[in-house]
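Morning, everyone. Please bring up the model on your screens. I'll take the ligand, then the rings.

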Amino acid sequence: MKIVTIVGARPQFIKAVAVSRAIQEFDKKGSCSLGETSERRIKEILVHTGQHYDYLMDKIFFEELELARPDYHLGVGSGSHARQTGMMLERIEGVLQKETPELVMVYGDTNSTLAGALAAAKLNIPVAHVEAGLRSFNRTMPEEINRLLTDHLSTLLFCPTDQAVRNLLKEGIKDGGKKVVKKVGDVMYDSILYYSKLAEKKSTILRDLKLINPQFAMRNPQYYLVTLHRAENTDDPKRLNSILKALNKIGKDAPVILPLHPRTKKMMNTYHLFSQAKRIRMIEPVSYLDMLTLERNAKAILTDSGGVQKEAYWFKIPCFTLREETEWMETVESGWNILVGTEVERIVGETRRKRRRVPPKVRAFGDGKASEKIVQIISRYSV
Ligand code: UD1
Ligand code: UDP
């Protein structure tokens with residue numbers, strides 16, 4: 001069977017690579033390691049919308065993760081939501097008309113996700129959504145609109161958690177009839193398991209940033225790792241200023257390392273905020289292997305990223321989420337992830353507070369075989 005996979009933004013490269021590897025394994029063996037057999041080989045066509053395009057937001061992941069070169073690069077780039085999504089729609093439609101796949105796979109909740117799902121659905125091509133059912137219940141987030149619409153356009157919905165399945169049920173989307181709704185686990189968990197071993201061997205970021213002294217091996221580097229890019233935080237000067245002030249204060253306790261997303265860099269320039277951030281060590285965005293290494297060795301992580309919240313949890317690193325709500329409540333329930341919002345005193349106070357945590361339930365996100373399960377289901381799927 002022929003499928004078209006649509007990606008475009010950093011987290012999608014990390015998610016799609018896990019499923020692409022499972023497809024390759026499946027094709028090699030004629031089945032996946034779960035023991036099922038199937039006659040249906042899968043040919044995957046990779047489409048990159050071009051939503052992310054800086055080397056450090058894009059190509060570095062293809063190189064490091066050994067993700068196949070895209071068969072189509074649509075070169076859409078940045079723009080307003082309507083412009084970016086509209087250009088993607090038009091260009092994706094052209095590819096789908098030419099390739100006539102049996103299925104289109106989309107990942108997560110970006111504009112590339114929505115454009116892929118909508119272009120396919122209008123051509124009556126079934127859509128498979130990986131990371132279906134996530135909800136923040138905050139419709140001012142562009143991602144929430146993308147998730148809602150994509151789920152309602154999809155025929156195969158691959159949920160990372162039980163909560164995601166329940167969220168879909170509340171919206172009337174359930175397994176049966178024409179819909180396939182399955183909890184398969186989280187493909188990002190598959191990726192972290194696979195790549196963290198490689199990161200241990202290959203990444204030199206802690207030494208490069210002088211966060212450890214090689215003479216004392218890897219013991220106890222003491223730094224906070226931060227990521228910040230959510231539009232609700234970066235595009236509001238008051239909020240951005242407040243978060244930076246908090247990070248600056250935390251910088252008195254231990255080094256604060258911030259790989260800077262291009263959106264955040266742009267907005268800090270626009271609002272002249274670099275002078276507020278003297279105690280924050282800003283670096284360029286890092287590769288996935290370097291990011292896993294930075295996360296795993298951090299004293300704590302502060303973030304507004306969806307993926308980074310989960311990675312902190314899987315590595316058992318305390319996380320402080322710079323938002324008022326999260327799609328990943330499983331990480332909050334056991335005390336590993338604290339929602340700290342964007343006010344200075346609250347952020348600083350929460351990072352300094354001692355607290356007890358129960359062991360994280362990583363199994364809530366599956367068993368590390370989400371990608372294999374997805375491939376097994378799509379290989380058996382026919383319209
Ligand atoms: C997008 C996703 C967000 C996801 C994030 C992952 C949407 C609506 N948002 O946000 O859900 O969490 O990716 O990182 O799809 N820019 C560059 N170089 C790049 C890419 C972006 O300079 O390679 C700058 C441009 O100024 C651009 C801005 O960043 O306008 C925002 O980029 P965009 O892709 O629109 O959204 P993200 O904030 O990256
Ligand atoms: N990431 C990375 N380098 C960075 C920042 C993040 O490799 O400098 C990885 C991170 O480990 C996670 C993914 O990118 O796997 C998360 O993407 P992002 O935060 O951009 O988007 P979100 O998950 O919020 O949609």
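Start with the shell around ligand 1: four residues are nonpolar, nine polar and six charged. Nonpolar means Ala, Val, Leu, Ile, Met, Phe, Trp, Tyr, Cys and Pro; charged means Asp, Glu, Lys and Arg; the others, Gly among them, are polar. A residue is near the ligand if one of its heavy atoms lies within 4 Å of it.

Some ground rules. This is a predicted model, where local features need pLDDT of at least 70 and side-chain atom pairs count only at pLDDT 80 or more, while totals for chains, interfaces and linings use all residues. Residues are numbered from 1 along each chain as its sequence is written, chains are lettered from A and ligands numbered from 1 in the order written, and side-chain values use heavy atoms, leaving out hydrogens and water.

Now the contacts. A backbone N or O atom of Asp-54 lies 2.9 Å from an oxygen atom of ligand 1. The side chain of His-229 also places an N or O atom 2.9 Å from a ligand oxygen.

On to the rings. Tyr-194 and Tyr-195 form an edge-to-face pair, 4.8 Å centre to centre with 75 degrees between the planes. Rings of Phe, Tyr and Trp (its six-membered ring) pair if their centres lie within 6.5 Å, and planes over 60 degrees apart count as edge-to-face. Trp-314 and Phe-365 are another edge-to-face pair, at 5.3 Å and 85 degrees. Both residues, Trp-314 and Phe-365, are buried, meaning under 20% relative accessible area (1.4 Å probe, protein chains only). Tyr-189, Tyr-313, Trp-314, Trp-328 and Phe-365 form one aromatic cluster.

Note on methods. Polar contact = N/O pair within 3.5 Å; in protein donor to acceptor, adjacent residues only side chain to side chain. Phe/Tyr/Trp six-rings, centres within 6.5 Å; stacked < 30°, edge-to-face > 60°. Buried < 20%, exposed > 50% of the residue type's maximum accessible area, 1.4 Å probe, protein only.
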